[in-house]
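Subject: Handing over the structure

Dear colleague,

I am passing on to you the structure we spoke of, with the sequence alongside. Please have it open while you read the notes that follow.

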Amino acid sequence: MDEPTVPVTVPPEWSLARRVLFRFTLAYFLLYLFPFPLDVIPYVGVIGEWYQNLWNALVPWVGKHLFHVAITVLPNGSGDTTYNYVQVFCYLALALLATLLWSLRDRKRPNHVRLEPWLRVYLRFGLAAVMISYGAIKVIKSQFPNPSLDRLLQPFGDASPMGLLWTFMGASLAYNVFSGVCEMLGGLLLLSRRTTLLGALLSIAVVSNIVALNFCYDVPVKLYSLHLLVMACLLAAPDAGRLASFFLWNRRVEPAPLAPLFERPWLRHGALVLRTLLIVGLSYLSLYGAYQGRRTYGDLSPRPPLYGIWNVLEIETDGKARPPLVSDETRWRRVVFPNSSQMSVQLMSNSRLRYGLKLDAAKSTLELNKRDDPTHKFILTYKQPGPGLLALEGTLDNQKIRASLKKVDPSSFLLMNRGFHWINEYPFNR
């Protein structure tokens, strides 16, 4: 008797458009996400430095010779610099070139069914790492600290849209934790193939809101957040038909096939262990790094000796007393010490003067310098004649200053003390 034959499933042939789009997507996001995951492996981060140095040489050259712009600002806290836009152009150009060469070299290949799952793995883990790390700095409230002392004094109308957003977010610990948990949950769900679709849908919802905030409040992370949204959409795209059938046409849908990435059991078990270690390690490092950042720079950081808001009770400049008149726009109204390296002065006009600060508690001196000219320095001496009182004397901006100040309790601001109420008989909109 003949042995029964097992039917062989022949993968379908992809259309030319699908093959080309796949090749472009793979090439583009390899360029965009690299050196991930090498940049999260200890002692391998130097590869990321080499990669960045390569772009630091290429991008200014392309900007100068192709767009006729001089790029002098390298990557920093803003992700929407001229550098970033030219770099995205370079990604597009290189990805198109790679797609062309690949298509010419591999024009007879009917599909990329073996390579497609690995692209999804790279997109899943790349997006998950970002979602978990950004979620962690919200859960720990490191990204959006409490409104600074300067912010509490700043009129709403003088705030930039981004500054207003940071104040809005920083005013609520609960909303920080909620938004951070949503981001972390989306990232964690992406790390399992069985929950990838749910993680992608949650990430689309979360990141869409982030993209809207970035565009509507002029936060310079527009390019980056858009890329994250595209990645989440790409991960959900293979299930678009099933989602439409279920949610729009009320039809029954079959489970999505989950072919194993590895045929050998020991490879599958090893990948499962590695993924588990990655989930635990990435979550721990993200949360711990956020906590350390909050302790160093945020709400839990050490307070300088004169930390606080100080109302100016009396002030003399060049020996002349200046009463607190609204018409005297340059008279000091308040002095703020928000951290150990800055002092700011709020004038009667509500505008602010900011100075770099070096405080010497042993000598009771304040060494100040202008932010736009650090070499231009001034010295003020200070005394604390009683609890909550401060006296300043010295020369600042070519004027002899003598001032008496009284400390303000930051918790007296409504934004800080209103709190949460289950019952509101009337809207408390101030």
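A polar contact here is a pair of N or O atoms within 3.5 Å, where, within protein, one atom must be able to donate a hydrogen and the other to accept it. Please keep in mind that this is a predicted model.

With that cut-off in hand, you can turn to Ser203, which lies in helix α8, a helix made up of residues 196-216. The side chain of Ser203 reaches the backbone oxygen of Gly199 at 2.8 Å, so this pair falls within the 3.5 Å limit for a polar contact. Ser203 has a relative accessible area of 0% and is therefore buried. Leaving aside residues up to four places away in sequence, Ser203 touches Leu127, Met131, Gly186, Leu190, Ser208 and Ala232.

The other part I looked at is strand β1, residues 308-317, which pairs in the antiparallel sense with strand β3, residues 332-339, over four bridges; in that pairing, Asn311 has Arg334 of β3 as its bridge partner. β1 also pairs with strand β9, residues 399-408, again in the antiparallel sense and over eight bridges, and here Glu316 stands opposite Arg402 in β9.

Finally, β1 pairs with strand β2, residues 320-321, in the antiparallel sense over two bridges, with Thr317 standing opposite Lys320 in β2. The hairpin of β1 and β2 has two residues between the strands, and in this hairpin Asp318 takes a positive phi near 55°.

Notes: Residues numbered from 1 in each chain as written. Predicted model: local features only at pLDDT ≥ 70, side-chain atom pairs only at ≥ 80, totals over all residues. Heavy atoms only, no water. Buried < 20%, exposed > 50% of the residue type's maximum accessible area, 1.4 Å probe, protein only. Contact = heavy atoms within 4.5 Å. Pairing = 2+ DSSP bridges.
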